[in-house]
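Dear colleague,

I am handing over the model we spoke about, with the sequence and coordinates placed just below. After them come my notes on what was found.

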2 protein chains.
Amino acid sequence: MNTTLLSAAANQARGLAMDAVHACSSGHLGLPLGCAEIGAVLYSETLRYNPDVPKWLNRDRFILSAGHGSMFLYSWLNISGYDLPIGELKNFRQLHSHTPGHPESFETVGVEATTGPLGQGIANAVGFALSGKRAAAKFNTADHVIFDQHVFALHGDGCLQEGVAKEAIAFAAHVGLDNLVLIYDSNDVTLDAMADVTQGEDAEQYFKSQGWDAVTVDGHDLAALSTAFSKAKSDDNGRPKVIIAKTIIGKGIPEVAGTAKAHGEGGAKFVDEARKNLGLPADEHFFVSAEVRAFFAAKKEESKKAYAAWEANYNAWAAANPALATELTESVSHAVPSDLSARIPAFPADYKDATRSAGANVINAVAKAVPNFITGSADLYGSTKNYIKDGGDFSATNPLGRNIWFGIREHAMGAICNGIAYDGIFRSSGATFLVFADYLRPSIRLAALSKLPVTYIFTHDSVGVGEDGPTHQPVETVSGLRVIPGLDVIRPGDAEETAGAFISAMNRTDGPTALILTRQAIPLMNELSVEERRDGVIRGGYIAKKESGALTTILLATGSELQYAVAAATELGDGVRVVSLPCFERFDRQSAEYRESVLPKAVTKRVAIEAGVSGLWWKYVGTEGKVVGIDRFGISAPGNTVFKELGITTESVVAAAK
Amino acid sequence: MNTTLLSAAANQARGLAMDAVHACSSGHLGLPLGCAEIGAVLYSETLRYNPDVPKWLNRDRFILSAGHGSMFLYSWLNISGYDLPIGELKNFRQLHSHTPGHPESFETVGVEATTGPLGQGIANAVGFALSGKRAAAKFNTADHVIFDQHVFALHGDGCLQEGVAKEAIAFAAHVGLDNLVLIYDSNDVTLDAMADVTQGEDAEQYFKSQGWDAVTVDGHDLAALSTAFSKAKSDDNGRPKVIIAKTIIGKGIPEVAGTAKAHGEGGAKFVDEARKNLGLPADEHFFVSAEVRAFFAAKKEESKKAYAAWEANYNAWAAANPALATELTESVSHAVPSDLSARIPAFPADYKDATRSAGANVINAVAKAVPNFITGSADLYGSTKNYIKDGGDFSATNPLGRNIWFGIREHAMGAICNGIAYDGIFRSSGATFLVFADYLRPSIRLAALSKLPVTYIFTHDSVGVGEDGPTHQPVETVSGLRVIPGLDVIRPGDAEETAGAFISAMNRTDGPTALILTRQAIPLMNELSVEERRDGVIRGGYIAKKESGALTTILLATGSELQYAVAAATELGDGVRVVSLPCFERFDRQSAEYRESVLPKAVTKRVAIEAGVSGLWWKYVGTEGKVVGIDRFGISAPGNTVFKELGITTESVVAAAK
């Protein structure tokens, strides 16, 4: 190890962070300065990567969970030779730069995950590690190892205080993710204050209680870091590893180092003197020395050789295992059979069950058609019914399992699904009761922002849940999800619409989909063909019952209330149309012509019915329209009783339309 | 200890649960059966309570965090003599009963907290314990101890797996809540499966790593439980306590006991035989023996004597400390000075700062006027600016502190604020960045459902956040909060509207309020008087700029976009009115006449502007109207740049209105 050069590299990385933060007068200096030696070791020797092939399937993954320290990542990506030139660092946090304030996976080459909301990155890393374990089990053969990557995540006290991280940490050990290495930037400082103002846990003991290996090192000691990282990578003992690196936040700016003031941009005013002390030239900002450039150029050549060797091995593997190779290629490209719908059997005409049960049939057909599809549940498989039969359970001893038992850890489930989706080899999905979508909402938001094709299976929708009462009856949750940009929310109105909902989710590769399913049985809408219903869902909205005379009135509905709208239309007579609108977002993406054909502007007499809050319906019913909804919390009583008590009935629709 | 009688009582409590669950064929038997001995000890000797004065200020609080086991609570409330007759137990989970599927604080006497969503109750209990510590420090005197209650919470593996619980557990030890006792119903089973399918942590070691005392006992051994509970109550050692009670889930129904099948109603079909084995009469359901009734009647008499003694002490205290007594009475009744607005100084006419900064002034005036008001921040005091000056910091050594340093634990913050609010002595509030409202959303929902007067201070709203980028820019968060029934969401448009927002929150005692404040400076709307703006907010919406000619167009806005609507109105000319609509919910509660006076139906040319998603605005602008909004995620760049890039400008409003 060339400690002289790596020390210089670390200080130059510090300089890049100082210069970038100083240039825009915003951002966070604490971590890039405090973790400079960690970066130097990671990118010089620990991580396996090829800057020219940033998506190398067998690269080590590095996730900066403490996303506010983004200049750490940008500096080391630049130094190690990724396509992130100094000009981008000069434009840190500016419009249209590739160096946003927090790392965004879709914005910058080499950024594995969008981070910043604390705790998420740790749980994302668990998802990456799970994906790596499963990929190795699935694709490696006795003759060829295609996957043996490790997953590193760097986090601080902030991430570790978050509940989502603690859920993920418990899960990671339980499923034996020994390919996961957390680096805990333990600097005893949080944004507001010294960390001891808010925390007192014994971190080593905590990690050990969860089944982790834990070791504490000096975070500025290059050799100690090197040893710890090497040991963590080589120790395939079934336990995830944490390296507690004691660091000095803001190291390099003595006026603020080691204090909360170092966290943000507070130290920026002292950078001239600090740069001098670090041996950086006063007249050249964004400085990286020729020696450091040469060192990392050589490292890059080595990396390219390693990549070439892997590629040769991969090609030999592909030649020997063509079916596996095709499966891997299709998995990575998110390919879905074009005849997916044909592979999902139509439901018998007299089928009457909950859409969660219909979903059980559909998901098993999907799982057969899409081999990289995996699913999990937050301790509710028996209720959410998304279990893949014969798929096996993912565990330390069965990493091939397609069913993930997340435990009662909804938030970690969401963030782990994101990690799997970022990794891009498997299609992830997770299930819980709809009302608990709130528990994973921060992860849903990040999936939408980062365009991840995660599928959420949220069952037990609406007051139809019944006896469990208002704590378990989502009345606002569907609307709460609909306002998230980029998230498709589909609430199917019968079993065939449920098939359409899954098809829609699987064919969407640029964002997440939430499927909203009932606990209670609802009838099939057999007046329409299977295809009409499935295709209707894909369009988001369609005519579920056409008027038989001149159109006077439009009834709109989703999910379990579709049956009431249809019954009301029959009662109201010739001029009444029913529009099924299972997915607002998909409908809004249709052409103006299509939308006009379904909801003609001229017809202002409109009534919507949905067993939930009414606020978002006014866009579709207009100020002349009416909404039969539930603008209050529910009641503990049998579901049918609650529906009647709260006026979610055919009669209410008829009365509103008269 | 009369173990024979208490064993009988435990079995009769088991019988009540069996009969109730059997009657409605739903609910959860596992916990009421597995924890029957725990209930017998708690209600016979451990807890201090008076069933006739359920809100006794110095009672011990008991929170059933595992709310699905509600029949545990209902059975013991009945047996111990609370106003919950057997008839209510017979109506378990039925319409209009006081025995809903999960405990609801507003529905049943003796139920301290609404529970069911897992993990929440543990964090609520931390809030109760904090409230107890602060009440003792505030109101006890050298001569009189008015408060020395303990807080017990019963939880299972489910609660403990949840991140919110782990955040709260870390916090509780850090602030020295040795008046808190968790009882961990450790039965090695979760809903879906044996617990070892999803968990492997060493619970004792985990709790100790967090700074707790932990002890493991046989959860069916009355004497062992008694000893453990007594020790936990007597040990004022600065550490919270957990009693890990090893239990057999569903004990009493051998066919399912000890397995996941025991969790729900699965055992109900075996109850006839089970009841017989427990010594319950075959011909009498909902049976409680005369001996058990007599024992608990005697216990109640004792409790009433203890209460009377406390009351005498309280009266002596009140006589000796009239000012303190008045303060306590006013605190418990949530009294707020009727002249609160007069106590908040008007801002200087040239004030131009962020509403978060205006909020800093207002909250300090509120804190002076309302002595029981306390506040906290999730490691963001420096940014959320809600610090009460001279209020001190709450800690183990300063339980009088009015500022709570929650750490980076937003979810626990929400649930702890709920606990404080349930306790009802202090008015709680908590702060973080608006985008992280998602992290505590499950707790916000429960505050709204349970009508708790919690105030959320959410700063850094909209894309005005700027450089931190889309991970930190809430575009959908305000709308996401607006859909929660019972939650007031107020987004003030200048410093005086900010004062009005705080006044609205403080005067609302039947539900929570979210205050949405800017990071960036915005001007005062000086065309209107201070009173007009403050009162306007209290009404939710008002005319912020009246048309000077015949009304043709209405512009609507909230928060930082109000300035653009006003500027656009000036540019557009005589017939244009600007309506400030800082709180949809308050506006919707006004009379139809008032609403019509602000938004006359006849005027359909309407344009709304808000730097967020547009969906909920259509209710106010109608299908003829337009919304200038942001239906996408934001961008990392300086705030003003992002506003322009996304079209949130005066020009956009003018163009839309033309």
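I begin with the domains of chain A: the C-alpha centres of domain 1 of chain A and domain 3 of chain A lie 51 Å apart. The bounds, which come from an automatic or database domain assignment, are 3–305 for domain 1, 341–523 for domain 2 and 539–657 for domain 3 of chain A.

Please keep in mind that this is a predicted model, in which local features need pLDDT of at least 70 and side-chain atom pairs count only at pLDDT 80 or more, while totals for chains, interfaces and linings use all residues. Residues are numbered from 1 along each chain as its sequence is written, chains are lettered from A and ligands numbered from 1 in the order in which they are written, and side-chain values use heavy atoms, with hydrogens and water left out.

Asp157(A) belongs to helix 7 (residues 157–161) of chain A, helices being DSSP runs of H or I with at least four residues and strands runs of E with at least two, numbered from the N terminus. With 2% relative accessibility, Asp157(A) counts as buried, a term that means under 20% relative accessible area, against over 50% for exposed and in between for partly exposed (1.4 Å probe, protein chains only). Leaving aside residues up to four places away in sequence, Asp157(A) touches several residues, among them Tyr184(A), Asn187(A), Val189(A) and Gln199(A). Asn187(A) sits in the loop between strand 3 (180–186) and helix 9 (203–209) of chain A and is also buried, at 9%; with the same exclusion, Asn187(A) touches Asp157(A), Thr247(A) and Ile249(A).

Turning to chain B, helix 12 (residues 290–320) has 31 residues and should span 45 Å at 1.5 Å a residue, which agrees with the 45 Å between its end C-alpha atoms; the expected span is 1.5 Å times one less than the number of residues. Its buried residues include Phe296(B), Tyr307(B), Trp310(B) and Trp317(B), and what covers the buried residues of this helix includes helix 1 (3–24) and helix 13 (322–332) of chain B.

Finally, the cysteines: a search of the whole structure finds zero disulfides over all chains, a disulfide being a pair of cysteine sulfur atoms within 2.5 Å. The sulfur of Cys35(A), for example, is 11 Å from the closest cysteine sulfur, in Cys159(A), which is too far for a bond.

Note on methods
Contact means heavy atoms within 4.5 Å.
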